[in-house]
Amino acid sequence: MTRARARARLLRMRARRVWKRIRPRSRRSVAVLAVLAGGIALALLGAARLGPPIIAEYAFRPEANAATWRSQVPTYGDVAMCARCHEAQYARLTTATHAGIGCESCHGPLGQHALASPGTPEAEVAAAVPTDQVCASCHVPVTGRPAFVRQIVPPKHYVAACLACHDPHTGISNRPPVVEHTLDNLPPCITCHGAEGFKARNQRHPVVDSDDPTCLACHLPGRGPLPTESGPPDQRTGSR
Amino acid sequence: MTTAEGSIARPGRTATLLGREVPLDPRVLLAAAVADVRSMPRSLKVWLAVLLLLMGIAAIAALIALPPGWEVFGTSPSVEWGLLIVGYVCFAITTSGLCLASSLGTVFGVDRFRPLEKRHAILAVLCLTSAFGIIALDLHWPVRLLFGAILSPSPSSPMWWMGVFYGGYLCLLLVEVWSMFSDHPRVHQWACTLAACMAVLAPATLGAVFGVLTARPFWHGPLSAVWMVASAFLAGVALLGIVFYGVVRLRRSGFERAGRLAIPALRLLLGLGTIVVGVLLARHMLAGLDGDEPGVRAATRSVLEGPLAPQFWALRVGFGLALPLLLILLPWTRTPAGLLVASVGALTGVLVDRWLFVAAGQIAPVTASAGVVSEGYAPYSPSPVEIAIVVGAGAFVAFGYTLAERYLDLRESDVHFGVNLAPLSDVVRWTGMAARAELASHLPRPGRPAPAADGAPPAAGHAPPASEDGSPP
Amino acid sequence: MNAIPAPVERDDVPAAPSPRVNRRRFLGFSLTVLAGVAGAAILDRLVPVYDDEVDAAAPLVPAYDAASKTWTFVVDTSRCIGCGLCVSACKEENHVPDEPQYNRTWVERHAVSEQGTVYVDAPAAGIDGFPPTSTAPGADDAAIVSAYFVPRLCMQCEVSPCTTVCPVGATYRTPEGVILVDADRCIGCGYCITACPYGARYIVPAAETTPQGVAGVADKCTWCYHRISKGRQPACVEVCPVGARRFGDLGDPADPIHEVLDADAVEVLHPEYGTRPRVLYVGPVTAEA
């Protein structure tokens, strides 16, 4: 105890000595400054501890902010959510060349649509129906685009309306062109179809009997690729 | 209570502000101000009116730029820091340079730098106020900075330290100005000394704000801090050169000593500063051309031969380095007017230099987004609002200083103390004693199980003395 | 103030001090109120409102344990076809401004010439896909020998310059390693934007807001933090038609992300900055990326 008291006395003496070093006429200013500085510090500390939430909660809390980020409502859903209702489309999507593509790649954001219960206005919001523009964003040749995605040159392709022939969910062209015409008394096939377009299209179609000498130069009757690989859809409309 | 009867005839209560009696009654104050404006010479009236006009335009620009008015700035995600950052940097380093230059008189006691004492302090406070005003307008949420910097400090950020140093610097400058006019020489001495220390720390940290960024190779490197301090010194000296030319020319108070001592002294400092900054600039450019990083080469090229080249060669090198050096070296231009032109050149050079520094650091885009890479250089041109704010900040400094020159006694003070380190040594001594006492109370003493009460020294030589137990020496 | 008598309205004594004092006090009071209102109006524009209230919307994965996740993002440049679906999906999902200079993710095309020069172009950040040939200046005359697309996003660096330089600690790293910005504490100084070597950040313009509804603050890719914590993939991964963007939990041995990582050589963009990026790249990537 005496030791502590001696120490306190020593401190007092030193403080007094410091105070004496300050000129009498400056003491008031120094005291005011000291009180001011102490007051500001106390006010800040007090505000941070006890003050209104604006200040008290300022002390940074990452967890709370991360929670606000987490609570953001997603705009996009995911494939699993779509598959719960749209089984048929999902089944086709997973079996063909478009397998692995999410529904919202083409249909746009469906988060609200998927979460809504059937019958509510949100569920009635139709998913965007993809246009040919969506097809073109992947299937036209562009410098840098890898070759594993089939690329077409629209003017050389058969018709510009993609979905007229292709099932978007599988990507497969499941029926031949709707334009039917006779094969007699026509200019060479290539005149209209173009070499490339004809070739590309022809791979999926039976070679029919024709009198066209241009065709016959390469394709003897019955010599073309037969529709054996992917089932019979091409056969449906019969020969042309 | 007495203010109710206050009138022009009876000034009523007054307060002492920076060594002048200022009436507290607003009507008296207004009347005195009106009378004083009437008595001003015509040229002074025009000068003040022009400055007021510029400040008014800046005030309107500032109102436009208040949140959420940030779109009026010409900045973009590629060039996030624009003219306001440049303006802030310029005013902030000029402040530091003023203290660095005048510390030769105020801190180190070199007689011929003494005339700078009061004038530099006024200018420094004004420049730093301008700098803070500009940065507050540049920040999108300035008030959050006050809360955030204090309540969630971020010591890893150079910008946070810059705030600490410049904030402390402003406090020291205010104490310096107050003590200067209220005759507190010892407080003044301490404030000057600490402010001079801060004048090195603060611009160095400002340089580090840029220097730590690996993403911007043109800024990155330890020498950015050195370059910033050197630029600060040159800018401060140049501003003092302009002001002291005015003091001598207009025969303001203390002009005899200013003309005889300060002008040659400033000329010397200006020459040294120009050479140092020139060498650092040359180093930066050579290092940039020699560098392997594509970003730094592109940035350096943009300065030397790209879109920034005209400003670099004409303003920075020609007007900002070569001309001042020539005027200082040639014997027949060693006149106050020569110093004025050299100072204007050097100051312009530093301002353009900081502009080029900030602009070139961002001109080589880090991202190819939005076709920026196709542009080659990231485009940025300051908007009228940014220009008005920076020009207005300069007008504020000039306006404030003109008023100070008119109303305050800016002669150097008679009394000068050397740096008195006695209080500091006391602190050191006491800290050491306390530490030793603390150690003593924890260390077991050989052969003595309990702390001794008699104060006898312990056996071992390195053990602490027992002065804490006994009476102080 | 005690010396001032009680306010009395008396017209017959105009010279008496009390009415003058009262008028002055009234004027002074009015001015103070006016100044207060003006000050409050200005403060209202300047002072932030801190709102850490969590939205009541419960996450779909209630027991999401942030600390147990080691999220990894893998970009396969050999698969990217530059369709731009990821860019538009990100803007939809995360309230990113429509203007092309604001992006959380974007796609670049790198065209390498015979001489080894890399021509980089990203018209409108790649949101509408790419024209047939590179739009970078000089690319027309160059003999392009190879080209590929490089999807870009925040690298969520382990040694992140952005969190280091923020003066108020408003940007931070979550336990999973995702770097977020606290929009209520960001001061909008732009330091993190100049500090990011990957150009992954932007300041939200005044006309727009972050997902939390704040303008004028820094915003960046969060790896769709609100989605991954609900068990979904980031929006860009969800819509990528070719699997060029993959996302998964490295800590989960069953996660398909391991297939990609095991099969190919993995690199990161700009390793020279030493930021230890956590977005891994598979396929061709040039140093200038």
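Mentor: Start with pLDDT, which is the predictor's confidence in each residue, from 0 to 100. This is a predicted model, in which local features need pLDDT of at least 70 and side-chain atom pairs count only at pLDDT 80 or more, while totals for chains, interfaces and linings use all residues. Residues are numbered from 1 along each chain as its sequence is written, and chains are lettered from A and ligands numbered from 1 in the order in which they are written.

Helices (H or I, at least four residues) and strands (E, at least two) are DSSP runs, numbered from the N terminus. Chain A has 13 helices and zero strands. Among its elements, the highest mean pLDDT, 89, belongs to helix H7 (residues 103-107) of chain A, and the lowest, 46, to helix H12 (residues 195-202) of chain A. Residues 196-207 of chain A have pLDDT below 50, and this stretch has 23 contacts in the model beyond near neighbours in sequence. Two residues are in contact if their C-beta atoms, placed from the backbone, lie within 7 Å. Where pLDDT is low, the predicted coordinates should not be read in detail. For chain A the mean pLDDT is 71, with 59% of residues at 70 or more.

Chain A also touches chain C: 35 residues of chain A and 49 residues of chain C take part. On the chain A side, helix H4 (62-70), H7 and helix H10 (132-139) each supply at least two residues. H4(A) gives the largest share, eight residues.
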